[in-house]
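Hi everyone, thanks for making time this morning.

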Amino acid sequence: MVRKKVLMKGNEAIGEAAIRAGCQAFFGYPITPQSELPEYLARRMPEVDMIFLQAESELAAISMVYGAAGAGARVMTSSSSPGISLKQEGISMLAGADLPAVIVNIMRGGPGIGGIQPSQADYFQATRGGGHGDYRHLVLAPASIQELADLTWEAFALADQYRNPVLILGDGMLGQMMEPVLLPEEPPPLVDKPWATTGAKDREHNEIYTLHMGMEDLEKHNQRLAKKWEQIAREQVRYDKFMLDDAEIVIVAFGIASRVARRAIRMAREVGIKAGLLRPISLWPFPTAAIAEVAKQARAFLVVEMNLGQMIEDVRLATGGLVPVELFSKITIVPNPKEILQSLCSLARRTGCKIDEAAIKEESA
Amino acid sequence: MDKKREREIRTLLLAGFGGQGIISMGQFLAYAGMLEEREVCFVPAYGPEMRGGTANCLITIDEQQIDSPIFEQPDVAVVMNLPSFNRFEYQVRSKGLLLVNSSLVNQPVQRQDIEAYSIPVNELASSLGNIKVANVVMIGALLELTGIIQAESIIDSMRSTFSDSKHNLLALNRKALEKGAEYVRYLSSKQRLAV
(Lines give C-alpha, C1' and ligand atoms only; values in the text may rest on other atoms or scores of the structure.)
Protein backbone atom coordinates (compact mmCIF):
# COMPACT_ATOMS: atom_id res chain seq x y z
CA MET A 1 0.00 0.00 0.00
CA VAL A 2 1.23 3.48 -0.85
CA ARG A 3 1.58 5.67 2.22
CA LYS A 4 -0.43 8.83 1.87
CA LYS A 5 0.26 12.25 3.30
CA VAL A 6 -2.29 13.71 5.67
CA LEU A 7 -2.77 17.35 6.64
CA MET A 8 -2.28 17.61 10.37
CA LYS A 9 -1.90 20.13 13.14
CA GLY A 10 1.47 19.85 14.90
CA ASN A 11 -0.03 18.82 18.23
CA GLU A 12 -2.10 16.09 16.59
CA ALA A 13 0.83 14.84 14.54
CA ILE A 14 2.80 14.32 17.78
CA GLY A 15 -0.12 12.33 19.17
CA GLU A 16 -0.52 10.09 16.14
CA ALA A 17 3.25 9.55 15.84
CA ALA A 18 3.35 8.55 19.53
CA ILE A 19 0.62 5.97 18.98
CA ARG A 20 2.47 4.59 15.98
CA ALA A 21 5.67 4.47 18.04
CA GLY A 22 3.90 2.11 20.42
CA CYS A 23 3.24 4.57 23.22
CA GLN A 24 1.36 2.57 25.86
CA ALA A 25 0.41 5.31 28.27
CA PHE A 26 -0.04 9.07 28.26
CA PHE A 27 -0.42 11.13 31.42
CA GLY A 28 -1.00 14.84 31.11
CA TYR A 29 -2.80 17.97 32.10
CA PRO A 30 -4.20 20.49 29.60
CA ILE A 31 -2.54 23.82 28.85
CA THR A 32 -2.60 26.07 25.77
CA PRO A 33 -1.00 25.87 23.19
CA GLN A 34 -0.60 22.08 23.37
CA SER A 35 -4.07 20.99 24.52
CA GLU A 36 -4.92 19.45 21.14
CA LEU A 37 -2.32 16.78 21.90
CA PRO A 38 -4.01 15.35 25.04
CA GLU A 39 -7.37 15.99 23.36
CA TYR A 40 -6.32 13.90 20.37
CA LEU A 41 -4.90 11.13 22.56
CA ALA A 42 -7.99 11.11 24.79
CA ARG A 43 -9.90 9.99 21.71
CA ARG A 44 -7.26 7.79 20.06
CA MET A 45 -5.58 5.93 22.94
CA PRO A 46 -8.74 4.00 23.96
CA GLU A 47 -9.21 3.03 20.29
CA VAL A 48 -5.85 1.22 20.36
CA ASP A 49 -6.40 -0.16 23.89
CA MET A 50 -3.79 2.07 25.47
CA ILE A 51 -3.99 4.32 28.48
CA PHE A 52 -4.88 7.98 28.44
CA LEU A 53 -5.17 9.66 31.79
CA GLN A 54 -5.76 13.30 32.57
CA ALA A 55 -4.07 13.71 35.93
CA GLU A 56 -5.11 16.11 38.67
CA SER A 57 -1.94 18.16 38.15
CA GLU A 58 1.34 18.27 36.25
CA LEU A 59 3.14 16.86 39.29
CA ALA A 60 0.83 13.88 39.37
CA ALA A 61 1.22 13.38 35.61
CA ILE A 62 5.03 13.27 35.66
CA SER A 63 4.97 10.94 38.70
CA MET A 64 2.64 8.61 36.80
CA VAL A 65 5.15 8.71 33.95
CA TYR A 66 7.85 7.65 36.45
CA GLY A 67 5.70 4.75 37.63
CA ALA A 68 4.74 3.55 34.16
CA ALA A 69 8.32 3.89 32.84
CA GLY A 70 9.55 1.93 35.86
CA ALA A 71 7.07 -0.81 34.98
CA GLY A 72 8.61 -0.96 31.49
CA ALA A 73 5.96 0.87 29.47
CA ARG A 74 6.56 3.23 26.57
CA VAL A 75 5.21 6.40 28.10
CA MET A 76 4.74 10.07 27.29
CA THR A 77 3.62 13.32 28.85
CA SER A 78 3.24 16.77 27.34
CA SER A 79 2.74 20.30 28.49
CA SER A 80 3.66 23.89 27.77
CA SER A 81 6.23 26.02 29.58
CA PRO A 82 4.65 26.70 33.02
CA GLY A 83 3.47 23.09 33.16
CA ILE A 84 6.95 21.83 32.22
CA SER A 85 8.39 23.86 35.11
CA LEU A 86 6.09 21.92 37.42
CA LYS A 87 7.38 18.66 35.93
CA GLN A 88 11.07 19.41 36.48
CA GLU A 89 11.36 17.52 39.76
CA GLY A 90 9.93 14.45 38.06
CA ILE A 91 12.28 14.81 35.08
CA SER A 92 15.25 14.93 37.47
CA MET A 93 13.89 11.74 39.09
CA LEU A 94 13.52 10.01 35.70
CA ALA A 95 17.10 10.91 34.79
CA GLY A 96 18.40 9.81 38.17
CA ALA A 97 16.57 6.49 37.94
CA ASP A 98 17.63 5.67 34.32
CA LEU A 99 14.02 5.70 33.14
CA PRO A 100 12.99 6.07 29.50
CA ALA A 101 10.17 8.53 28.84
CA VAL A 102 9.18 11.07 26.20
CA ILE A 103 8.34 14.59 27.37
CA VAL A 104 6.91 17.21 25.01
CA ASN A 105 7.19 20.94 25.66
CA ILE A 106 5.21 23.13 23.24
CA MET A 107 6.65 26.40 24.50
CA ARG A 108 4.74 29.58 25.26
CA GLY A 109 5.99 32.90 26.56
CA GLY A 110 6.94 33.34 30.21
CA PRO A 111 8.12 34.12 32.79
CA GLY A 112 5.50 33.00 35.25
CA ILE A 113 2.18 32.25 33.61
CA GLY A 114 3.26 34.54 30.77
CA GLY A 115 0.85 34.16 27.88
CA ILE A 116 -0.09 31.67 25.21
CA GLN A 117 2.02 33.14 22.42
CA PRO A 118 4.74 30.97 20.85
CA SER A 119 8.21 31.34 22.33
CA GLN A 120 11.59 29.61 22.60
CA ALA A 121 12.32 30.91 26.07
CA ASP A 122 12.78 27.49 27.68
CA TYR A 123 16.08 26.75 25.92
CA PHE A 124 18.14 27.06 29.11
CA GLN A 125 15.67 25.01 31.11
CA ALA A 126 15.56 22.29 28.45
CA THR A 127 19.28 21.99 27.77
CA ARG A 128 20.73 22.57 31.23
CA GLY A 129 18.53 20.15 33.13
CA GLY A 130 15.71 22.26 34.55
CA GLY A 131 15.44 20.21 37.70
CA HIS A 132 17.93 19.77 40.52
CA GLY A 133 21.05 17.67 40.38
CA ASP A 134 23.52 17.06 37.59
CA TYR A 135 21.79 15.41 34.67
CA ARG A 136 21.34 15.51 30.94
CA HIS A 137 18.73 14.37 28.48
CA LEU A 138 18.34 14.57 24.72
CA VAL A 139 16.52 17.68 23.51
CA LEU A 140 15.14 17.41 19.98
CA ALA A 141 13.87 20.55 18.23
CA PRO A 142 11.68 19.90 15.17
CA ALA A 143 11.07 22.65 12.59
CA SER A 144 8.16 21.20 10.60
CA ILE A 145 5.13 19.02 11.19
CA GLN A 146 6.87 16.15 9.38
CA GLU A 147 9.84 16.48 11.69
CA LEU A 148 7.55 16.68 14.74
CA ALA A 149 6.15 13.29 13.77
CA ASP A 150 9.52 11.77 12.87
CA LEU A 151 11.30 12.97 16.00
CA THR A 152 8.44 11.95 18.29
CA TRP A 153 8.65 8.44 16.88
CA GLU A 154 12.40 8.42 17.24
CA ALA A 155 12.25 9.85 20.77
CA PHE A 156 10.63 6.64 21.98
CA ALA A 157 13.41 4.56 20.40
CA LEU A 158 16.14 6.80 21.86
CA ALA A 159 14.56 6.83 25.33
CA ASP A 160 14.55 3.03 25.35
CA GLN A 161 18.04 2.77 23.83
CA TYR A 162 19.68 4.95 26.49
CA ARG A 163 17.22 4.41 29.37
CA ASN A 164 16.91 8.16 29.64
CA PRO A 165 14.17 10.77 29.23
CA VAL A 166 14.01 12.55 25.86
CA LEU A 167 12.50 16.01 25.47
CA ILE A 168 10.77 17.24 22.32
CA LEU A 169 10.98 21.03 22.27
CA GLY A 170 8.48 22.81 20.01
CA ASP A 171 6.61 26.09 20.24
CA GLY A 172 3.02 27.28 20.07
CA MET A 173 3.09 27.98 16.37
CA LEU A 174 4.45 24.54 15.46
CA GLY A 175 1.77 23.05 17.69
CA GLN A 176 -1.02 24.96 15.97
CA MET A 177 0.00 25.03 12.32
CA MET A 178 -0.84 22.40 9.71
CA GLU A 179 1.35 20.78 7.08
CA PRO A 180 1.20 17.53 5.15
CA VAL A 181 2.83 14.68 7.01
CA LEU A 182 3.76 11.11 6.17
CA LEU A 183 3.19 9.18 9.37
CA PRO A 184 5.40 6.33 10.57
CA GLU A 185 3.80 2.90 10.26
CA GLU A 186 5.75 0.48 12.43
CA PRO A 187 6.89 1.15 15.99
CA PRO A 188 10.60 1.00 16.83
CA PRO A 189 11.50 -2.55 17.93
CA LEU A 190 10.74 -3.27 21.56
CA VAL A 191 13.82 -3.62 23.75
CA ASP A 192 14.24 -5.98 26.67
CA LYS A 193 13.74 -4.26 30.00
CA PRO A 194 15.02 -6.79 32.54
CA TRP A 195 15.31 -3.94 35.08
CA ALA A 196 11.60 -3.11 35.02
CA THR A 197 9.40 -3.64 38.06
CA THR A 198 7.00 -6.06 36.42
CA GLY A 199 6.33 -8.30 39.43
CA ALA A 200 9.18 -10.41 40.82
CA LYS A 201 7.81 -13.80 39.90
CA ASP A 202 10.55 -16.48 39.74
CA ARG A 203 13.29 -13.88 39.93
CA GLU A 204 14.98 -11.45 42.29
CA HIS A 205 13.01 -8.26 42.75
CA ASN A 206 14.06 -5.12 40.86
CA GLU A 207 14.48 -1.77 42.54
CA ILE A 208 14.12 1.65 40.96
CA TYR A 209 15.15 4.52 43.19
CA THR A 210 17.11 7.77 43.21
CA LEU A 211 18.26 7.86 46.82
CA HIS A 212 21.94 6.97 47.30
CA MET A 213 22.99 7.46 50.93
CA GLY A 214 26.32 5.61 50.98
CA MET A 215 29.56 7.61 51.22
CA GLU A 216 30.85 6.54 47.80
CA ASP A 217 27.55 5.38 46.42
CA LEU A 218 26.20 8.68 45.08
CA GLU A 219 29.57 9.65 43.58
CA LYS A 220 29.74 6.32 41.70
CA HIS A 221 26.11 6.62 40.61
CA ASN A 222 26.78 10.06 39.14
CA GLN A 223 29.98 8.88 37.44
CA ARG A 224 28.10 6.00 35.82
CA LEU A 225 25.32 8.32 34.62
CA ALA A 226 27.93 10.72 33.27
CA LYS A 227 29.35 7.94 31.07
CA LYS A 228 25.89 7.39 29.59
CA TRP A 229 25.47 11.09 28.85
CA GLU A 230 28.94 11.25 27.31
CA GLN A 231 27.89 8.41 25.03
CA ILE A 232 24.69 10.22 24.02
CA ALA A 233 26.73 13.37 23.36
CA ARG A 234 29.05 11.37 21.08
CA GLU A 235 26.32 9.54 19.20
CA GLN A 236 23.33 11.86 18.88
CA VAL A 237 24.47 15.26 17.60
CA ARG A 238 22.03 16.29 14.89
CA TYR A 239 21.91 19.38 12.72
CA ASP A 240 20.93 20.56 9.27
CA LYS A 241 22.88 22.79 6.88
CA PHE A 242 21.38 25.21 4.37
CA MET A 243 23.47 27.22 1.86
CA LEU A 244 26.49 27.01 4.14
CA ASP A 245 29.18 26.12 1.59
CA ASP A 246 30.18 29.68 0.70
CA ALA A 247 28.46 31.47 3.59
CA GLU A 248 30.13 34.58 5.00
CA ILE A 249 27.33 35.11 7.52
CA VAL A 250 26.00 32.06 9.34
CA ILE A 251 22.60 32.10 11.00
CA VAL A 252 22.11 29.63 13.82
CA ALA A 253 18.44 29.06 14.59
CA PHE A 254 16.25 26.15 15.68
CA GLY A 255 12.58 25.23 15.39
CA ILE A 256 10.12 27.71 13.90
CA ALA A 257 12.72 30.52 13.93
CA SER A 258 14.91 28.47 11.56
CA ARG A 259 12.08 28.31 9.01
CA VAL A 260 11.80 32.10 8.93
CA ALA A 261 15.60 32.34 8.82
CA ARG A 262 15.70 30.16 5.67
CA ARG A 263 13.41 32.62 3.91
CA ALA A 264 15.53 35.55 5.10
CA ILE A 265 18.62 33.79 3.74
CA ARG A 266 17.05 33.40 0.29
CA MET A 267 16.14 37.11 0.36
CA ALA A 268 19.69 38.00 1.48
CA ARG A 269 21.18 35.99 -1.40
CA GLU A 270 19.12 38.15 -3.80
CA VAL A 271 20.95 41.23 -2.53
CA GLY A 272 24.37 39.61 -2.76
CA ILE A 273 24.82 38.59 0.88
CA LYS A 274 26.33 35.14 1.22
CA ALA A 275 24.26 33.90 4.11
CA GLY A 276 23.65 30.34 5.26
CA LEU A 277 21.98 28.43 8.07
CA LEU A 278 23.15 25.91 10.59
CA ARG A 279 20.08 24.50 12.31
CA PRO A 280 20.66 22.47 15.47
CA ILE A 281 18.14 19.62 15.60
CA SER A 282 19.55 18.24 18.83
CA LEU A 283 19.86 21.16 21.25
CA TRP A 284 21.48 18.79 23.69
CA PRO A 285 23.85 17.46 22.60
CA PHE A 286 24.63 20.77 20.87
CA PRO A 287 26.42 20.68 17.47
CA THR A 288 29.47 22.40 18.93
CA ALA A 289 32.06 20.81 16.63
CA ALA A 290 30.05 21.58 13.48
CA ILE A 291 29.72 25.23 14.49
CA ALA A 292 33.42 25.43 15.36
CA GLU A 293 34.24 24.09 11.89
CA VAL A 294 31.96 26.61 10.15
CA ALA A 295 33.44 29.44 12.25
CA LYS A 296 36.80 28.88 10.53
CA GLN A 297 35.32 30.06 7.19
CA ALA A 298 32.62 32.52 8.26
CA ARG A 299 33.03 36.23 8.98
CA ALA A 300 30.08 36.62 11.35
CA PHE A 301 27.30 34.71 13.08
CA LEU A 302 23.73 35.79 13.69
CA VAL A 303 21.77 33.78 16.25
CA VAL A 304 18.03 34.05 15.64
CA GLU A 305 15.93 32.93 18.58
CA MET A 306 12.63 33.72 20.26
CA ASN A 307 14.01 34.58 23.68
CA LEU A 308 16.38 37.15 25.14
CA GLY A 309 19.43 35.24 23.91
CA GLN A 310 19.99 31.76 25.31
CA MET A 311 21.33 29.49 22.57
CA ILE A 312 23.71 32.32 21.66
CA GLU A 313 25.79 31.31 24.70
CA ASP A 314 26.32 27.84 23.22
CA VAL A 315 27.16 29.37 19.84
CA ARG A 316 29.71 31.70 21.48
CA LEU A 317 31.28 28.76 23.31
CA ALA A 318 31.49 26.85 20.03
CA THR A 319 32.96 29.72 18.00
CA GLY A 320 35.50 30.45 20.73
CA GLY A 321 35.71 34.18 19.98
CA LEU A 322 36.92 33.58 16.40
CA VAL A 323 34.15 35.66 14.85
CA PRO A 324 31.53 38.16 16.04
CA VAL A 325 28.31 36.49 17.17
CA GLU A 326 25.24 38.71 17.27
CA LEU A 327 21.68 38.18 18.40
CA PHE A 328 18.38 38.68 16.61
CA SER A 329 15.79 38.36 19.32
CA LYS A 330 12.02 38.31 19.52
CA ILE A 331 10.58 36.82 22.64
CA THR A 332 6.97 35.85 22.10
CA ILE A 333 6.49 36.81 18.48
CA VAL A 334 7.62 34.75 15.51
CA PRO A 335 9.85 37.18 13.60
CA ASN A 336 9.15 37.92 9.96
CA PRO A 337 11.75 37.30 7.25
CA LYS A 338 12.17 41.01 6.44
CA GLU A 339 13.25 41.89 9.97
CA ILE A 340 15.91 39.19 9.88
CA LEU A 341 17.03 40.39 6.44
CA GLN A 342 17.55 43.89 7.87
CA SER A 343 19.78 42.46 10.59
CA LEU A 344 21.71 40.47 7.99
CA CYS A 345 22.27 43.63 5.90
CA SER A 346 23.44 45.59 8.92
CA LEU A 347 25.78 42.81 10.02
CA ALA A 348 27.17 42.40 6.49
CA ARG A 349 28.00 46.12 6.28
CA ARG A 350 29.66 46.20 9.69
CA THR A 351 31.79 43.11 9.13
CA GLY A 352 32.89 43.84 5.58
CA CYS A 353 30.88 41.02 3.98
CA LYS A 354 29.79 41.14 0.37
CA ILE A 355 26.53 43.03 -0.19
CA ASP A 356 25.00 44.43 -3.37
CA GLU A 357 23.85 47.92 -2.33
CA ALA A 358 22.44 48.65 -5.80
CA ALA A 359 20.18 45.60 -5.57
CA ILE A 360 18.93 46.76 -2.17
CA LYS A 361 18.07 50.20 -3.58
CA GLU A 362 16.23 48.58 -6.45
CA GLU A 363 14.34 46.32 -4.05
CA SER A 364 13.14 49.16 -1.85
CA ALA A 365 12.21 51.36 -4.83
CA MET B 1 -5.00 37.31 -14.93
CA ASP B 2 -2.01 36.17 -16.96
CA LYS B 3 -0.03 33.02 -16.32
CA LYS B 4 2.95 34.86 -14.88
CA ARG B 5 0.87 36.42 -12.11
CA GLU B 6 -0.63 33.03 -11.45
CA ARG B 7 2.76 31.56 -10.67
CA GLU B 8 3.69 34.43 -8.41
CA ILE B 9 0.87 33.73 -6.02
CA ARG B 10 2.08 31.63 -3.09
CA THR B 11 0.91 33.38 0.04
CA LEU B 12 -2.63 34.12 1.15
CA LEU B 13 -4.15 35.80 4.16
CA LEU B 14 -7.79 35.12 5.02
CA ALA B 15 -9.59 37.21 7.64
CA GLY B 16 -13.03 37.80 9.07
CA PHE B 17 -14.92 37.25 12.28
CA GLY B 18 -15.42 34.01 14.14
CA GLY B 19 -18.18 31.92 12.57
CA GLN B 20 -17.61 33.05 8.98
CA GLY B 21 -15.69 29.90 8.23
CA ILE B 22 -12.31 31.60 7.81
CA ILE B 23 -10.34 28.70 9.29
CA SER B 24 -12.33 26.20 7.18
CA MET B 25 -11.57 28.21 4.03
CA GLY B 26 -7.88 28.04 4.84
CA GLN B 27 -8.00 24.33 5.61
CA PHE B 28 -9.88 23.54 2.36
CA LEU B 29 -7.25 25.44 0.38
CA ALA B 30 -4.34 23.78 2.19
CA TYR B 31 -5.88 20.32 1.95
CA ALA B 32 -6.65 20.81 -1.75
CA GLY B 33 -3.08 21.97 -2.33
CA MET B 34 -1.82 18.80 -0.69
CA LEU B 35 -4.12 16.70 -2.90
CA GLU B 36 -2.52 18.43 -5.90
CA GLU B 37 0.84 17.31 -4.51
CA ARG B 38 2.05 20.82 -3.78
CA GLU B 39 3.78 21.95 -0.62
CA VAL B 40 1.33 23.64 1.74
CA CYS B 41 1.38 25.29 5.14
CA PHE B 42 -1.55 26.60 7.14
CA VAL B 43 -1.09 28.86 10.17
CA PRO B 44 -4.14 29.87 12.19
CA ALA B 45 -3.98 32.95 14.36
CA TYR B 46 -4.61 31.66 17.83
CA GLY B 47 -4.65 33.32 21.18
CA PRO B 48 -5.49 36.83 22.30
CA GLU B 49 -6.38 38.22 18.90
CA MET B 50 -8.83 35.37 18.31
CA ARG B 51 -10.56 36.23 21.59
CA GLY B 52 -11.23 39.68 20.13
CA GLY B 53 -13.69 38.11 17.72
CA THR B 54 -11.53 38.18 14.61
CA ALA B 55 -10.25 35.05 12.93
CA ASN B 56 -7.47 34.94 10.44
CA CYS B 57 -5.07 32.47 8.93
CA LEU B 58 -2.08 32.34 6.63
CA ILE B 59 -1.72 29.82 3.83
CA THR B 60 1.27 29.12 1.64
CA ILE B 61 0.96 26.95 -1.44
CA ASP B 62 4.18 26.35 -3.32
CA GLU B 63 5.96 24.01 -5.67
CA GLN B 64 9.06 24.04 -3.47
CA GLN B 65 9.63 23.26 0.17
CA ILE B 66 8.11 26.09 2.20
CA ASP B 67 10.57 28.07 4.26
CA SER B 68 8.76 30.55 6.45
CA PRO B 69 5.15 29.72 7.41
CA ILE B 70 4.59 33.39 8.15
CA PHE B 71 4.97 36.42 5.90
CA GLU B 72 4.37 40.11 6.23
CA GLN B 73 2.88 41.00 2.86
CA PRO B 74 0.61 38.35 1.37
CA ASP B 75 0.19 38.01 -2.38
CA VAL B 76 -3.55 37.76 -1.77
CA ALA B 77 -5.74 38.97 1.07
CA VAL B 78 -9.36 37.94 1.49
CA VAL B 79 -11.28 40.14 3.93
CA MET B 80 -14.72 39.02 4.99
CA ASN B 81 -15.68 41.90 7.32
CA LEU B 82 -14.95 45.58 7.96
CA PRO B 83 -12.38 45.26 10.80
CA SER B 84 -10.37 42.86 8.62
CA PHE B 85 -10.61 45.23 5.67
CA ASN B 86 -9.33 48.11 7.80
CA ARG B 87 -6.54 46.01 9.22
CA PHE B 88 -5.30 44.23 6.11
CA GLU B 89 -5.93 46.46 3.07
CA TYR B 90 -2.46 47.92 3.42
CA GLN B 91 -0.71 44.60 4.10
CA VAL B 92 -1.22 43.15 0.63
CA ARG B 93 1.96 43.35 -1.40
CA SER B 94 2.15 45.86 -4.23
CA LYS B 95 0.51 44.43 -7.39
CA GLY B 96 -1.17 41.87 -5.15
CA LEU B 97 -4.81 40.93 -5.00
CA LEU B 98 -7.49 42.00 -2.50
CA LEU B 99 -10.87 40.26 -2.33
CA VAL B 100 -13.47 42.11 -0.29
CA ASN B 101 -16.77 40.78 1.00
CA SER B 102 -18.86 43.78 -0.06
CA SER B 103 -21.88 42.40 1.82
CA LEU B 104 -20.19 43.56 5.03
CA VAL B 105 -17.66 46.12 3.82
CA ASN B 106 -19.20 49.31 2.49
CA GLN B 107 -15.97 51.26 2.11
CA PRO B 108 -14.09 51.73 -1.15
CA VAL B 109 -10.61 50.29 -1.60
CA GLN B 110 -8.07 53.13 -1.37
CA ARG B 111 -5.00 51.39 -2.73
CA GLN B 112 -4.22 52.03 -6.39
CA ASP B 113 -1.28 49.63 -6.61
CA ILE B 114 -3.25 46.42 -6.11
CA GLU B 115 -5.99 44.59 -7.94
CA ALA B 116 -9.19 44.61 -5.86
CA TYR B 117 -12.56 42.90 -6.28
CA SER B 118 -15.71 43.52 -4.26
CA ILE B 119 -17.92 40.47 -4.06
CA PRO B 120 -21.21 40.37 -2.11
CA VAL B 121 -20.70 36.78 -0.99
CA ASN B 122 -23.43 36.82 1.70
CA GLU B 123 -26.10 37.73 -0.87
CA LEU B 124 -24.68 35.30 -3.42
CA ALA B 125 -24.77 32.52 -0.83
CA SER B 126 -28.29 33.47 0.24
CA SER B 127 -29.39 33.21 -3.38
CA LEU B 128 -28.31 29.56 -3.17
CA GLY B 129 -30.48 29.17 -0.08
CA ASN B 130 -27.72 28.90 2.52
CA ILE B 131 -25.72 31.87 3.80
CA LYS B 132 -23.26 29.48 5.45
CA VAL B 133 -21.56 28.85 2.10
CA ALA B 134 -20.55 32.53 1.76
CA ASN B 135 -16.96 31.47 2.46
CA VAL B 136 -17.09 28.87 -0.31
CA VAL B 137 -18.49 31.45 -2.76
CA MET B 138 -15.41 33.53 -1.89
CA ILE B 139 -13.12 30.55 -2.58
CA GLY B 140 -14.83 30.18 -5.95
CA ALA B 141 -14.01 33.80 -6.77
CA LEU B 142 -10.44 33.38 -5.54
CA LEU B 143 -9.87 30.29 -7.71
CA GLU B 144 -11.33 31.96 -10.79
CA LEU B 145 -9.06 34.97 -10.37
CA THR B 146 -5.84 33.18 -9.49
CA GLY B 147 -6.08 29.58 -10.69
CA ILE B 148 -4.05 28.68 -7.61
CA ILE B 149 -6.09 25.48 -7.00
CA GLN B 150 -8.50 23.46 -9.14
CA ALA B 151 -12.13 23.79 -7.98
CA GLU B 152 -12.42 20.01 -8.12
CA SER B 153 -9.60 19.68 -5.56
CA ILE B 154 -11.60 21.83 -3.14
CA ILE B 155 -14.54 19.46 -3.55
CA ASP B 156 -12.16 16.51 -3.02
CA SER B 157 -10.83 18.12 0.15
CA MET B 158 -14.40 18.49 1.42
CA ARG B 159 -15.15 14.88 0.51
CA SER B 160 -12.10 13.80 2.56
CA THR B 161 -12.79 15.99 5.59
CA PHE B 162 -16.61 16.09 5.86
CA SER B 163 -18.20 13.37 7.93
CA ASP B 164 -20.42 11.02 5.91
CA SER B 165 -23.57 12.72 7.15
CA LYS B 166 -22.44 15.94 5.49
CA HIS B 167 -21.64 14.50 2.06
CA ASN B 168 -25.06 15.66 0.88
CA LEU B 169 -23.68 19.21 1.16
CA LEU B 170 -21.09 18.64 -1.57
CA ALA B 171 -23.52 19.59 -4.36
CA LEU B 172 -24.36 22.88 -2.62
CA ASN B 173 -20.66 23.64 -2.16
CA ARG B 174 -20.00 22.92 -5.82
CA LYS B 175 -22.71 25.43 -6.72
CA ALA B 176 -21.20 27.95 -4.29
CA LEU B 177 -17.76 27.66 -5.94
CA GLU B 178 -19.37 28.14 -9.35
CA LYS B 179 -21.39 31.13 -8.09
CA GLY B 180 -18.25 32.93 -6.92
CA ALA B 181 -16.42 32.18 -10.17
CA GLU B 182 -19.37 33.33 -12.24
CA TYR B 183 -19.59 36.61 -10.33
CA VAL B 184 -15.98 37.60 -10.95
CA ARG B 185 -16.29 36.61 -14.60
CA TYR B 186 -19.25 38.99 -14.76
CA LEU B 187 -17.19 41.71 -12.99
CA SER B 188 -14.31 41.28 -15.44
CA SER B 189 -16.58 41.55 -18.46
CA LYS B 190 -18.13 44.70 -16.99
CA GLN B 191 -14.65 46.15 -16.54
CA ARG B 192 -13.81 45.38 -20.15
CA LEU B 193 -16.98 47.14 -21.30
CA ALA B 194 -16.09 50.18 -19.19
CA VAL B 195 -12.73 50.40 -20.96
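Let's begin with a sheet in chain A. Seven strands make up this open sheet, in the order S3-S2-S4-S5-S7-S6-S12, and the pairing is mixed. Strand S3 (51-54) and strand S12 (282-284) of chain A stand at the edges with a single partner strand each, so one side of each has no neighbour in the sheet. From one strand to the next, the twist averages 20°. Before I go on, please keep in mind that this is a predicted model.

Inside that sheet, strand S2 (residues 25-28) and strand S4 (residues 75-79) of chain A pair in the parallel sense, over two bridges.

Now for another sheet in chain A. This open sheet has five strands, in the order S9-S11-S10-S13-S14, again with mixed pairing. Its edge strands are strand S9 (239-242) and strand S14 (325-329) of chain A, each pairing on one side only. Here the twist averages 20° from one strand to the next. Strand S10 (residues 249-252) and strand S11 (residues 275-280) of chain A run parallel and are joined by four bridges; Ile249(A) finds its bridge partner in S11(A) at Ala275(A). Helix H12 (residues 311-319) of chain A packs on the sheet and touches S10, strand S13 (300-305) and S14 of chain A, with its direction at about 160° to that of S13(A). Helix H13 (residues 337-350) of chain A packs on the sheet as well, touching S10, S11, S13 and S14 of chain A.

The contact between them takes 25 residues from domain 1 of chain A and 22 residues from domain 2 of chain A. Which element gives the most to the domain 1 side of chain A that touches domain 2? That would be H6(A), with four residues. By class, this domain 1 side of chain A has 16 nonpolar, seven polar and two charged residues.

On to the two chains together. Their contact takes 16 residues from chain B and 20 residues from chain A. On the chain B side, helix H2 (22-35) and strand S2 (39-44) of chain B each supply at least two residues, and S2(B) has the largest share, five residues. That chain B side has 12 nonpolar, two polar and two charged residues. Five of the six residues of S2(B) are buried, so this strand is largely enclosed by the rest of the structure. S2(B) also runs antiparallel to strand S3 (residues 54-62) of chain B, with six bridges joining them; Val40(B), for example, is partnered with Ile61(B) in S3(B).

In soluble globular proteins, nonpolar side chains tend to be buried together. The largest nonpolar core here has 179 residues, among which Ile249(A), Leu344(A) and Met138(B) touch the most other members. H2(B) gives the most to this core, with 10 residues, and at least three residues come from each of domain 1 and domain 2 of chain A. Among the residues that Met138(B) touches are Met25(B), Val78(B) and Leu99(B).

Key. Residues are numbered from 1 along each chain as its sequence is written. Chains are lettered from A and ligands numbered from 1 in the order in which they are written. This is a predicted model: local features need pLDDT of at least 70, side-chain atom pairs count only at pLDDT 80 or more; totals for chains, interfaces and linings use all residues. Two residues are in contact if their C-beta atoms, placed from the backbone, lie within 7 Å. Ala, Val, Leu, Ile, Met, Phe, Trp, Tyr, Cys and Pro count as nonpolar, Asp, Glu, Lys and Arg as charged, and the others, Gly among them, as polar. A nonpolar core is a set of buried Ala, Val, Leu, Ile, Met, Phe, Trp, Tyr and Cys residues joined through C-beta atoms within 7 Å. A residue is buried if 20 or more other C-beta atoms lie within 10 Å of its own, exposed if 12 or fewer, and partly exposed in between; C-beta atoms are placed from the backbone. Domain bounds come from an automatic or database domain assignment. Two strands pair if DSSP finds at least two bridges between them. Axes are lines fitted to C-alpha atoms, for helices over the stretch in contact, and angles run from 0 to 180 degrees between N-to-C directions. Lists of a residue's contacts leave out its neighbours within four places in sequence.
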